[in-house]
Amino acid sequence: MMFAGKNIFVTGAATGIGRATACYLAAEGGHVFGAGLDGDEGRELAASDTTGRLAFRESDLTREADVQAAVAAAKERLGGLDAVVNCAGIYPTGKRLEEVSDEEWDRTIAVNLTAIFRVCRATLPLLRAAGGGSIVNIASVHADATVPGVPAYAATKAAVVGLSRQMALDYAVDRIRVNALLVGSVATRMTLDGLEAAGGAEALGLSFEPNRIARIANPSEIATAIGFLISDAASFVTGSAMQVDGGLLARLL
Ligand SMILES: NC(=O)c1ccc[n+]([C@@H]2O[C@H](COP(=O)([O-])OP(=O)(O)OC[C@H]3O[C@@H](n4cnc5c(N)ncnc54)[C@H](O)[C@@H]3O)[C@@H](O)[C@H]2O)c1
């Protein structure tokens, strides 16, 4: 019960990494409030929860009113917040910069970057009121290295690292730690759809082989890393961009 007594807000909680994180944190004693799109999956997640510690609210976090409403609902249900995990994201692929429309560019920035800004702005007072806390922003290996055809995604993930570092400095005084996670390939619909669009795992030099470096991760392997950053075991970890990528960025060829 690593997270007993902790109240945690998780975005993108209906599917993938966010869902695995919400389940892991609740199973380990945390009280979790999930927010995000994919309402059917989110409601199913909350309905199938056996811990009694997991709630979900359908929210479009690109809308300030939805952010405000979700954070207010989390406060009402949990009484406060000790941690925030920003998992919501989109991954538009297959276009060089000239082919990216204004709409796709703006949408990617809105989901992958501005929503984090807004969720942090809305939740920081609750973390401060709790005497401190932890924010984990899910970036990507794309912040440091990339693949062809994802200019908006790569730009937003690098920006998430910069934003996290800045917040770590500015909120240390409030005992709020802020870290980014450079996540490698994870077996969620985001990757599986992206791989299909790119012509398969081999085309990107990835392997599903379980004993190979840079294999595809199970979402639960990201959830436990997020859990570490939330936990008091990470009390001296802030401003970091932690790689959880199976050695992907270590690989030259
Ligand atoms: N899967 C990977 O290989 C991988 C690698 C690196 C980073 N990431 C990052 O991990 C995070 C989670 O992705 P995932 O792999 O679990 O994919 P996913 O598609 O399963 O999850 C993305 C979640 O974001 C939510 N979302 C999208 N737009 C939203 C909006 N406007 N408001 C609220 N919620 C919204 C979706 O409902 C979904 O639940 C993303 O930030 C992604 O960029 C994933």
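Which helix gives the most to the shell around the ligand? In this predicted model, the answer is α6, with three residues.

**The ligand and its shell**

The ligand is surrounded by 30 residues. Thr15, Asp38, Tyr153, Thr188 and Thr191 are the closest. By type, the residues of the shell comprise 13 nonpolar, 12 polar and five charged. Besides α6 (189–198), the helices α1 (16–27), α4 (102–129) and α5 (151–171) each contribute at least two residues to the shell.

The strands are described next. Seven of them form an open sheet with parallel pairing, in the order β3-β2-β1-β4-β5-β6-β7. At the edges stand β3 (54–58) and β7 (241–244), each of which pairs on one side only. From one strand to the next, the twist averages 20°. In general, the strands of a sheet pair through backbone hydrogen bonds, in parallel or antiparallel fashion.

One pairing can be followed in detail. Strand β6 (residues 176–183) is joined to β7 by four bridges, and the two strands run parallel. Alanine 180 stands opposite alanine 241, a residue of β7.

**Helices on the sheet**

Two of the helices that supply residues to the ligand shell also pack on the sheet. Helix α1 touches β1 (7–11), β2 (31–36), β3, β4 (83–86) and β6. The direction of α1 makes about 165° with that of β1. Helix α5 touches β5 (133–138), β6 and β7, and the direction of α5 makes about 160° with that of β6.

Where does leucine 248 lie? Leucine 248 is in the segment after β7. Leaving aside residues up to four places away in sequence, leucine 248 touches Val141, Gly184, Ser185, Leu206 and Ala214. Isoleucine 222 is 26 residues from leucine 248 along the chain, and the C-alpha atoms of the two are separated by 14 Å.

Methods. Residues numbered from 1 in each chain as written. Predicted model: local features only at pLDDT ≥ 70, side-chain atom pairs only at ≥ 80, totals over all residues. Heavy atoms only, no water. Near = heavy atom within 4 Å. Nonpolar A, V, L, I, M, F, W, Y, C, P; charged D, E, K, R; others polar. Pairing = 2+ DSSP bridges. Axes fitted to C-alpha atoms, helices over the stretch in contact; angles between N-to-C directions. Contact = heavy atoms within 4.5 Å.
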